[in-house]
Amino acid sequence: MATRKRVVVTGATGLIGKAVCDALIVRGYDVVVFSRDTGAARQIVPGAASYVAWTPTDSGPWTAQIDGAFAVISLAGASIGGQRWTPAYKQKLRDTRVLATQGLVQAMAAAKTKPQVFISGSAVGYYGARDATALDENAAPGTDFLAGLVQEWEAAADKATALGVRTVLLRSGIVLDPDQGALAQLARPFRFFVGGPVLPGTQYLSWIHLADEVGLILWVLENEAIAGPLNATAPHPQTNRDFSAALGKALWRPSLLPVPGIALKLLLGEFADSLTTGQRVIPKKALEGGYQFKYPTSEAALQAIYRS
């Protein structure tokens, strides 16, 4: 009997990580969950082959799991919208991404049998605040805090390429899920009939249904032609105004009451800038590579989420 492929996953208890682990287990992979709290991980992600204590800034017994693994999928990182971006929280955002990634790559460097593929989570924040110009994977990076963080994060991951590991930088947009993440926050005022676009409303929102986020990761895992940056976004990004209209329609609610950007600034601080600006990101490599999106439009995605 052939040896089952071992896949190491960090960030496995998060929205994307849990869905990825569940899909990998169904497909017969031996999933190794790296977690700071292995007890909680067993409850959230049942059925994995093993649960390994992981302190990303320190080497330890976990490094042995990297040696001989087929793949490493890194999805760890403190929530971008988790709280106001104080200097301390900005440092946490960096440490849980950059330092964690550096630790994984160092373990790959020390491994006798290196992983064949490294999928490192990234974000469309790489592109910074942009206008309506369509942005594929070759577009230049932005210059704001989030863009700088993502560039440093990707640079840490890309060092695995020099080790002979196929490395994919997964630049995810807003991942749509009704209970977690940005969509749950966007939908809340609609449920009270006070929903509407975030002003100015013309800023683009690049999103992806959770099923396609997972689908892209599984597709990348076995598609040896894919390497480097990969936009994990649906092929039809929309302005905030149009997305809000689609959300209101899916919830049977009006989309009439706009949210002033200044109000968000007072509430959220610097993080509000990422909501009042945006990027029109196109998944060029995925489309050219033949990936078939399950939910290419927000109308289809939101209808599936709220009518299922």
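Q: Which residues of helix α12 are buried in this predicted model?
A: The model is predicted. Helix α12 spans residues 298–307. Its buried residues are Ser298, Ala301, Leu302, Ile305 and Tyr306.

Q: Within what arc do the buried residues of α12 fall, seen down the axis?
A: An α-helix has 3.6 residues a turn, so residues three or four places apart point the same way. The buried residues of α12 line one face of the helix, because their directions from the axis fall within an arc of 110 degrees.

Q: Which elements do the buried residues of α12 pack against?
A: Both helices and strands are on the list, with helix α6 at 182–191 and helix α8 at 240–250. The strands are β8 (174–176), β10 (207–209) and β12 (238–239). The partners are therefore β8, α6, β10, β12 and α8.

Q: Which residues does leucine 221 touch, not counting residues up to four places away in sequence?
A: Leu221 is listed with Leu24, Val33 and Ile73 as having the most contacts inside the largest core. Helix α7 covers residues 210–222. Leucine 221 touches Leu24, Tyr29, Phe70, Ala71, Ile73, Val117, Ile119 and Arg166.

Q: How many residues are in the second, separate core?
A: Among the members of this second core are Ala76, Ala100, Ala157 and Val165. The core is separate and holds 20 residues.

Q: What kind of aromatic pair do phenylalanine 34 and tryptophan 62 form?
A: The ring centres of phenylalanine 34 and tryptophan 62 are 5.7 Å apart, with 75 degrees between the planes. Planes over 60 degrees apart count as edge-to-face. The pair is one of 7 in the structure, and its geometry is edge-to-face.

Q: How many residues apart in sequence are the parts tied together by phenylalanine 34 and tryptophan 62?
A: Phenylalanine 34 is buried at 2% relative accessibility, and tryptophan 62 is buried at 4%. Phenylalanine 34 lies in strand β2 and tryptophan 62 in the loop between β3 and α3, so the parts tied together are 28 residues apart.

Q: Which ring lies under the charged end of arginine 97?
A: Lysine 5 has its charged end over the ring of phenylalanine 70, 4.4 Å from the centre. For arginine 97, the distance to the ring centre is 5.1 Å. The ring is that of tryptophan 153.

Q: How many residues apart in sequence are the parts that arginine 4 and aspartate 30 tie together?
A: The closest N and O atoms of arginine 4 and aspartate 30 are 2.6 Å apart in a salt bridge. Arginine 4 lies in the segment before β1 and aspartate 30 in strand β2, so the parts tied together are 26 residues apart.

Q: Which helices does the salt bridge of arginine 94 and glutamate 152 tie together?
A: The closest N and O atoms of arginine 94 and glutamate 152 are 2.6 Å apart. Arg94 and Glu152 are also linked with Asp95 in a network of salt bridges. Arginine 94 lies at residues 87–110 and glutamate 152 at residues 145–158, so the helices are α4 and α5.

Q: How many residues apart are aspartate 136 and lysine 284?
A: The side chains of aspartate 136 and lysine 284 meet in a salt bridge at 3.6 Å, N to O. Aspartate 136 is in the loop between β6 and α5, and lysine 284 is in helix α11. The separation is 148 residues.

Q: What is omega of the cis peptide bond that joins leucine 199 and proline 200?
A: Most peptide bonds are trans. Proline 200 lies in the loop between α6 and β9. The bond from leucine 199 to proline 200 is cis, with omega about 15 degrees.

Q: Is tryptophan 252 buried or exposed?
A: Tryptophan 252 lies in the loop between α8 and α9, with a positive phi near 60 degrees. Its relative accessible area is 65%, and over 50% counts as exposed. Tryptophan 252 is therefore exposed.

Key:
Residues are numbered from 1 along each chain as its sequence is written. This is a predicted model: local features need pLDDT of at least 70, side-chain atom pairs count only at pLDDT 80 or more; totals for chains, interfaces and linings use all residues. Side-chain values use heavy atoms; hydrogens and water are left out. A salt bridge is a side-chain nitrogen of Lys or Arg within 4 Å of a carboxyl oxygen of Asp or Glu. Helices (H or I, at least four residues) and strands (E, at least two) are DSSP runs, numbered from the N terminus. Buried means under 20% relative accessible area, exposed over 50%, partly exposed in between (1.4 Å probe, protein chains only). The arc is that of the directions from the helix axis to the C-beta atoms. Contact means heavy atoms within 4.5 Å. Rings of Phe, Tyr and Trp (its six-membered ring) pair if their centres lie within 6.5 Å; planes under 30 degrees apart count as stacked, over 60 as edge-to-face and the rest as tilted. A charge sits over a ring if NZ of Lys or CZ of Arg is within 6 Å of the ring centre and within 35 degrees of the ring normal. A nonpolar core is a set of buried Ala, Val, Leu, Ile, Met, Phe, Trp, Tyr and Cys residues joined through side-chain atoms within 4.5 Å.
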